[in-house]
Amino acid sequence: MEILAENRFVISKAEFVEARLALSRDNFRAVAKKLGLLMLLVVAALIGTSLLLGMGIFSVVMELLILGFVALWLLVLFPRSSAKTAYKVLVKKGGAEPERITRFYADHLEIEGPGVHTELSYEQIVQIRHTRHLLILFTDEKGGVLLKPEGFTKGGEALVRQLIGAENGLLEA
């Protein structure tokens, strides 16, 4: 079968973190909304209890600062930390920065890398998203195919969009 497009690049730590955050953002957003609502209820209960018990405004401010730090950790620090840890595991497994080669055929794409060989049909791609350095093809399994826009050795982004049917209603975010 003829290769119509090929994308090849070495995934750096920064690019991996960028991709991981983009992939988890949508899934985490729903959880973050629920946690935010729960935290607002906890804050309201703490402030009400503190004021009823006659504690000063200093106690209320300290409670708000602590809850603010917890929110910062949950929404910013934890996702970045887990992405960096996942990259370390990926590098340790392959022995070096992982190279990804994605080949596009008429009816499917193949991804190759150290210990990875995956085939996906174009119907499994539900969304295309550009990040600062990457083009990510989101799959219906909550995963993604990472491409570097300048990493095409054959074909290009326009051809890839045509192959996966981006003109036919594929969401772009």
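## Surface, fold and strand pairing

The accessible surface of the chain comes to about 10,400 Å², and carbon and sulfur atoms hold 64% of that area. The model is predicted. Of the 173 residues, 37% count as buried.

**Overall dimensions.** The chain has a radius of gyration of 22 Å. A compact globule of 173 residues would come out near 16 Å. The C-alpha trace spans about 75 × 40 × 25 Å along its principal axes.

**Charges.** There are 20 positive and 19 negative charges in the chain. Their mean positions lie 10 Å apart.

**Elements and contacts.** The chain holds 3 helices and 9 strands. Read from the N terminus, the order is β-α-α-β-β-β-β-β-β-β-α-β. How many of the contacts between residues at least 6 apart in sequence join residues at least 24 apart? The share is 59%.

**Strands S1, S2 and S3.** Strand S2 covers residues 99–104. It pairs with S1, residues 5–10, and with S3, residues 108–113. Both pairings are set out below.

| Strand pair | Direction | Bridges |
|---|---|---|
| S1 (residues 5–10) and S2 | antiparallel | 6 bridges |
| S2 and S3 (residues 108–113) | antiparallel | 4 bridges |

Ala5 stands opposite Phe104 in S2. Thr102 has Ile111 in S3 as its bridge partner. The link from S2 to S3 is a hairpin, made through 3 residues.

Is S2 mostly covered or mostly open? Mostly covered: 5 of its 6 residues are buried. In a regular strand, side chains alternate between the two faces of the sheet.

**Arg129.** This residue lies in strand S5, residues 125–130. Is Arg129 buried or exposed? Its relative accessibility is 9%. Buried means under 20%, so Arg129 counts as buried. Leu146 gives a point of reference for its place in the chain. Arg129 and Leu146 are 17 residues apart in sequence. In space, the C-alpha to C-alpha separation of Arg129 and Leu146 is 10.0 Å.

**In brief.** The chain has a radius of gyration of 22 Å and 37% of its residues buried. S2 is joined by bridges to S1 and to S3. Arg129, in S5, is buried at 9% relative accessibility.

Note on methods: Residues numbered from 1 in each chain as written. Predicted model: local features only at pLDDT ≥ 70, side-chain atom pairs only at ≥ 80, totals over all residues. Heavy atoms only, no water. Helix = DSSP H or I, 4+ residues; strand = E, 2+ residues; numbered from the N terminus. Rg over C-alpha atoms; globule rule 2.2 N^0.38 Å. Buried < 20%, exposed > 50% of the residue type's maximum accessible area, 1.4 Å probe, protein only. Contact = heavy atoms within 4.5 Å. Areas by Shrake-Rupley, 256 points an atom, 1.4 Å probe, with all protein chains shown as cover. Lys, Arg positive; Asp, Glu negative; His and termini not counted. Charge placed at Lys NZ, Arg CZ, Asp CG, Glu CD. Pairing = 2+ DSSP bridges.
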